[in-house]
Amino acid sequence: MKIVLATTTFVLATSGIAAFQLPAVNTKRAAVSPLNVLSEDVETKATESPNGPVGMRDQTKPRHTPKSFATKCATLYHPHRGAERGLAPPVYFGSTFTLDDAAHGARLHEKREAPYTDEDGFVYSRWGAPTNEAAAMQIAALEGVDEGTGKCLLFNSGMSAITSSLMAVLKAGDHAIYPYCTYGGTLEFMKEFMMDWGVDVTFVDASGPDGPENYRKAFRENTKVVYTETPANPTCRLTDLAGVARAVDDHYGPAVDMVGSDVTERTRPWIMVDGTFATPYHQRVLDIPGVDVAIQSATKYLGGHSDILAGSVTSRSEPFLHACSKVQKLITVPLNPMDSFLLARGLRTLDVRMQRHGENAIKVARMLEAHPMVAEVYYPGLDSHPDRNLADQVFSSGRDVDAEDDEWKQTYGGMISFVTVGEDDDALRRARNVCERLEVVNLAVSLGGVESLVEHPASMTHGMIPREQRLAGGLHDGLIRLSVGLERAKDLVEDLKNALDLCDEDGCAVE
């Protein structure tokens, strides 16, 4: 097995191997130069994995050792064999990959677009790259599709993941159904682009027990996407995904996707779920029969450290994965190698981070619920949450099927929304004052990092949405979104209490 880093061909370990770690290979060691030139009598044998051969193709053709200074400067030097055994995963920055011959290049260019490479290896990083693929395979495993046909694509932002999924299946004349309350960027894309491209959109109240019926009432013959976001951003309302899937099946019939078919051949709408607030730690939506696509803004909890932009799209549908791969190849862009590495590193601590987020959040939520300057608190772990009956179904808390009761602790995520008392401008003023008086909690957009973040949607992330539509989606003037971090819970409780106690003192004026 010849391992060559940077811009040479490389076939990455497939599922069944944790993260990026490659298996030991059965190879007769031969002397190699710093250029990794193999002698012609080297035997190269790839190990077998459940998904096929793992390792490099046999490339025994010796390379010329450079003699001139200029050629030595331009030549790619690689480590000796054994580099693949490093416990920490490498980062492959190469944009292009060497080929065996012209026929090899022709095969790679003729292949049907897909998330992962095969035994022929990589050709160009816009079409797939080792570090990106390894991180994608780990997210696929977390989403529950590490076996079978399920695969994951990684993008350079959560919005890139969302828009690529939609562009993969929607065209002029199609119809899509969206919840009133969803991420502001998603709504902006639908209104500023998809509608201009000729896609008709219906907005519904997707939350609570009436959500599936509200979707059903919006079904049309040309409906191609049923989009959900649960828990919803920023209200933390929940959608009955199983109910939505049953409603779609009852109306359109079950999904039938043939490998090699085109997404336009399908008559049943694609059910897409943005599960960023819950993550696969709590909610593995592809385990729900009828759900087609799982979307994550990996910038948030999956990365977990507020230092990357990333998004993931996971599905079991080969036609969808092909269409989404083509969008990524031609329009959007895969996640770059360095951010893929950082994302994979963040994934390793997702389990323990999510538990701490949830443990802190319930303590903060209980304080908020008791504070006189707070009118409402939306946290799925509170009995007062309007969708409390769905919460235990949604939030699995990393629980495995065979887990014993003493092996896990029920939590409900790290996202809280609460509303300050008052109406209209009074509520708006108080909410902004609270956000600006916090000292431990940071005033910043985004969420899911180790540090606590707070934002005021009405004047920040959802400011582009008309007030009437914002209110219809449950985004009150005084609503504050809080991403509870990993700080000491007592420090967070005291900080928020102090800010609420002072929210009626002079602060920012309502414009």
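Is serine 397 buried or exposed? Serine 397 is buried, at a relative accessible area of 3% (buried is under 20%, exposed over 50% and partly exposed in between, using a 1.4 Å probe and protein chains only). Before the views, please note that this is a predicted model, in which local features need pLDDT of at least 70, side-chain atom pairs count only at pLDDT 80 or more, and totals for chains, interfaces and linings use all residues. Residues are numbered from 1 along each chain as its sequence is written, and side-chain values use heavy atoms, leaving out hydrogens and water.

**View 1. Serine 397 sits in the loop between α12 (388-394) and β11.** Helices (H or I, at least four residues) and strands (E, at least two) are DSSP runs, numbered from the N terminus. The residues that serine 397 touches (heavy atoms within 4.5 Å) include Tyr281, His282 and Trp408, not counting residues up to four places away in sequence. Its side chain also makes a polar contact of 3.2 Å with that of glutamine 410; such a contact is a pair of N or O atoms within 3.5 Å where, within protein, one must be able to donate a hydrogen and the other to accept it, and residues adjacent in sequence count only if both atoms are side-chain atoms.

**View 2. The largest nonpolar core has 49 residues.** Such a core is a set of buried Ala, Val, Leu, Ile, Met, Phe, Trp, Tyr and Cys residues joined through side-chain atoms within 4.5 Å. Leu154, Tyr215, Phe219, Val226 and Leu343 touch the most other members. Helix α7 (241-252) is among the elements that each supply at least two residues, and α7 gives the most, with 6.
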